[in-house]
Amino acid sequence: MVDELVLLLHALLMRHRALSIENSQLMEQLRLLVCERATLLRQVRPPSCPVPFPETFNGESSRLPEFIVQTASYMLVNENRFCNDAMKVAFLISLLTGEAEEWVVPYIEMDSPILGDYRAFLDEMKQCFGWDDDEEDDDEDEDDY
């Protein structure tokens with residue numbers, strides 16, 4: 001009986017190891033597919049869009065406001081393509097490069113709920129890449145004087 005349990009435990013450990021390896025391979029394939037999809041999405045441009053296709057964002061804090069305005073404007077005039085939060089977040093992710101792309105990978109790997117919540121994703125980007133809404137409010141208060 002003990003020998004049977006040892007053999008069963010050994011078989012389970014071997015299966016676990018094989019599944020862990022397969023999972024790692026699948027995660028790498030997913031990462032490659034996300035990158036490939038991002039490349040393809042960058043090439044998609046509607047023929048007569050009045051708003052230019054947004055530039056990529058590499059994590060440079062000073063460019064974050066511009067990136068958000070560009071992407072929001074583009075999604076607004078193409079609202080039929082961005083009908084839900086998941087599509088909007090996927091579009092933003094497709095435009096991330098460098099440090100910003102590295103930042104988003106863990107969210108993708110753990111299938112974070114933030115990937116389906118546009119506002120929460122923007123808030124997370126703002127927090128990570130240094131956009132402080134309080135500073136913006138302070139600047140507006142100074143302009144009022």
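Q: Helices (H or I, at least four residues) and strands (E, at least two) are DSSP runs numbered from the N terminus; which helices each supply at least two residues of the lining of the largest pocket?
A: They are helix H1 (2-43) and helix H3 (85-94), and H1 gives the most, with five residues. This is a predicted model, in which local features need pLDDT of at least 70 and side-chain atom pairs count only at 80 or more, while totals for chains, interfaces and linings use all residues. Residues are numbered from 1 along each chain as its sequence is written, and side-chain values use heavy atoms, without hydrogens and water.

Q: Why is the pair of Phe53 and Tyr74 called edge-to-face?
A: Rings pair if their centres lie within 6.5 Å, and planes over 60 degrees apart count as edge-to-face (under 30 as stacked, the rest as tilted); the centres of Phe53 and Tyr74 are 5.2 Å apart and the planes are at 80°, so the pair is edge-to-face. Phe53 is in the loop between H1 and helix H2 (64-77) and Tyr74 in helix H2, 21 residues apart.

Q: What makes Phe53 and Tyr74 buried?
A: Buried means under 20% relative accessible area (exposed over 50%, partly exposed in between; 1.4 Å probe, protein chains only); Phe53 has 15% and Tyr74 has 2%, so both are buried.

Q: How do you know whether Phe57 and Phe67 are stacked or edge-to-face?
A: Their planes are 25° apart, with 5.2 Å centre to centre, so by the angle the pair counts as stacked. Phe57 lies in the loop between H1 and H2 and Phe67 in helix H2, so the pair ties together parts that are 10 residues apart in sequence.

Notes:
Phe/Tyr/Trp six-rings, centres within 6.5 Å; stacked < 30°, edge-to-face > 60°.
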